[in-house]
Amino acid sequence: MKRSRNLQLDLSDSERKKLRKNKIKKSEIIQFAPDELEDILDISNARAKELHALAAFQQIPSIGKKFEEDLMFLGYFRLE
């Protein structure tokens, strides 16, 4: 499920710098498992799961930022 839309992720300056340092585009975040993101970005497991979930949910047409947040609030972090 590939879309050309830019991901809308609220990344900190530190997270952006680490992505650039590792030559990873925001659109490529979905290709990494949360534990890989945790190591690459030096972030908590919860934050890594959140970023991965946001990237995954944005692959679905008609899912907006508010609905993504609602899904995560309900405990959904994966499409499966």
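1. His52 counts as buried because its relative accessibility is 16%, where buried means under 20% relative accessible area, exposed over 50% and partly exposed in between, with a 1.4 Å probe and protein chains only. The model is a predicted one, in which local features need pLDDT of at least 70 and side-chain atom pairs count only at pLDDT 80 or more, while totals for chains, interfaces and linings use all residues. Residues are numbered from 1 along each chain as its sequence is written, and side-chain values use heavy atoms, with hydrogens and water left out.

2. His52 is found in helix 3, helices being DSSP runs (H or I, at least four residues) numbered from the N terminus. Helix 3 covers residues 45-57, and its end C-alpha atoms are 18 Å apart, which agrees with the 18 Å that its 13 residues should span at 1.5 Å a residue, the expected span being 1.5 Å times one less than the number of residues.

3. The buried residues of helix 3 include Arg47, Ala48, Leu51 and Phe57 as well as His52, and among the elements that cover the buried residues are helix 1 (13-21), helix 2 (34-41) and helix 4 (65-73).

4. Leaving aside neighbours within four places in sequence, His52 is in contact (heavy atoms within 4.5 Å) with Ile29, Ile30, Phe32, Pro34 and Leu37. A polar atom of the His52 side chain also lies 3.1 Å from the backbone oxygen of Phe32.

5. Tyr76, in the segment after helix 4, counts as partly exposed because its relative accessibility is 48%.

Definitions and conventions: Helices (H or I, at least four residues) and strands (E, at least two) are DSSP runs, numbered from the N terminus. A polar contact is a pair of N or O atoms within 3.5 Å; within protein, one must be able to donate a hydrogen and the other to accept it, and residues adjacent in sequence count only if both atoms are side-chain atoms.
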